[in-house]
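Hi there,

Here is the structure I promised to pass on. Please have a look when you get a moment.

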Amino acid sequence: MNIVILSKGPGNYSTRRLKEEALLRGHNVRVVNYAQCYMAIEKGRPVVFYKGKPLTDVDAVIPRIAQSNTKYGTAVVRQFEMQGVFTTASSIAINRVRDKLRSYQLLAKSDIGIPKTVFARETSDFEDVIEHAGGTPLIIKVARGTHGNGVVLAENKKAAQAVMQAFYVEGVNFLVQEFIKEAAGTDIRAFMVGGRVVASMKRQSLDDDFRSNLHQGGEGTPIKLTTEERKMAQKAAKEMGLPICGVDMMRADRGPLVLEVNASPGFNIERVTHSNVAGKVIEYIEHNAKGRRKKDKVGA
Ligand SMILES: Nc1ncnc2c1ncn2[C@@H]1O[C@H](COP(=O)(O)OP(=O)(O)O)[C@@H](O)[C@H]1O
Ligand SMILES: [Mg+2]
């Protein structure tokens with residue numbers, strides 16, 4: 001098959017591993033910087049150009065779209081979708097999970113446990129918002145943050161108000177969330193392929209940071225999920241319409257809670273769990289790419 005990896009980082013571990021596994025399994029593979037693609041929007045003929053030539057005869061794309069390029073990147077993915085090319089993550093699903101408000105609404109609707117969450121923007125009812133989120137200490141997150149940037153722990157009401165006010169003045173959408181103390185500094189990543197867990201790890205911050213993102217200096221160790229966690233991860237992936245994704249969960253006293261679903265999960269989990277996750281992704285493409293493009297059925 002002809003596989004295109006849409007990535008701005010040809011040298012990063014995830015891209016290299018996907019390419020390596022695709023080659024090992026006998027495919028043609030090309031890493032394409034989607035930010036440098038251009039698209040001719042013409043009647044009946046959706047084409048993606050790259051370096052002066054149209055990208056033709058593509059059987060499958062693997063989008064590895066950076067948060068900061070979501071809009072343009074998903075437009076490129078959509079252009080491939082218009083041609084009927086198989087993608088491991090649909091443009092609509094990538095957009096869906098890049099918005100924390102939208103994701104939490106969908107997760108909650110599907111009865112998936114999430115931390116108590118309040119969305120706000122131009123409110124001056126700070127006291128009321130804080131109360132709805134269960135009081136301080138609490139977490140405030142920007143709606144489109146990633147890698148732990150834009151996630152703040154407010155210890156008391158004064159701090160919470162100040163942070164909310166700052167976001168409000170900047171016109172940033174944010175959400176206010178119950179602080180899961182008992183799990184502070186750790187979370188669980190389940191890597192899903194074909195809607196099933198293929199690897200799982202616990203991430204732990206190395207200092208006293210409450211954020212466990214590897215980008216914030218967190219460290220991963222392999223972990224076995226409970227049945228409840230596994231089922232929850234499967235349900236979250238299904239509800240987001242992402243057969244291949246990373247589901248992040250926290251172990252709260254009242255059970256597992258989903259924190260977010262990641263459409264371009266990092267393959268560094270392979271180094272933690274010593275499993276061949278990239279190979280599973282290519283295998284998934286082999287089984288699904290031919291003539292079976294799935295319709296998005298989430299409806300939001
Ligand atoms: N409600 C919460 N309670 C405790 N810790 C949290 C909470 N929300 C997030 N965290 C910590 O902060 C990290 C980043 O939050 P997350 O919602 O995943 O944002 P990002 O998209 O920036 O990764 C999480 O991995 C977790 O360790
Ligand atoms: Mg996260």
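Predicted model: local features only at pLDDT ≥ 70, side-chain atom pairs only at ≥ 80, totals over all residues.

Residues are numbered from 1 along each chain as its sequence is written, and chains are lettered from A and ligands numbered from 1 in the order in which they are written.

An open sheet is built from five antiparallel strands in the order β14-β13-β12-β15-β16. Strands here are DSSP runs of E with at least two residues, helices are runs of H or I with at least four, and both are numbered from the N terminus; two strands pair if DSSP finds at least two bridges between them. At the edges sit β14 (218-222) and β16 (255-262), each pairing on one side only. From one strand to the next, the twist averages 30° (angles run from 0 to 180 degrees between N-to-C directions, with axes fitted to C-alpha atoms, for helices over the stretch in contact; contact means C-beta atoms, placed from the backbone, within 7 Å).

Now to β15 (residues 245-252), which pairs with β12 (residues 186-193) over five antiparallel bridges. There, M192 has C245 as its bridge partner, and I188 stands opposite M249. A hairpin of two residues joins β15 to β16. Six of the eight residues in β15 are buried (20 or more other C-beta atoms within 10 Å of a residue's own, again placed from the backbone).

Finally, helix α9 (277-288) lies across β12 and β13 (196-205), at about 35° to β12.

Best wishes

Conventions. Contact = placed C-beta atoms within 7 Å. Buried ≥ 20, exposed ≤ 12 C-beta atoms within 10 Å, placed from the backbone.
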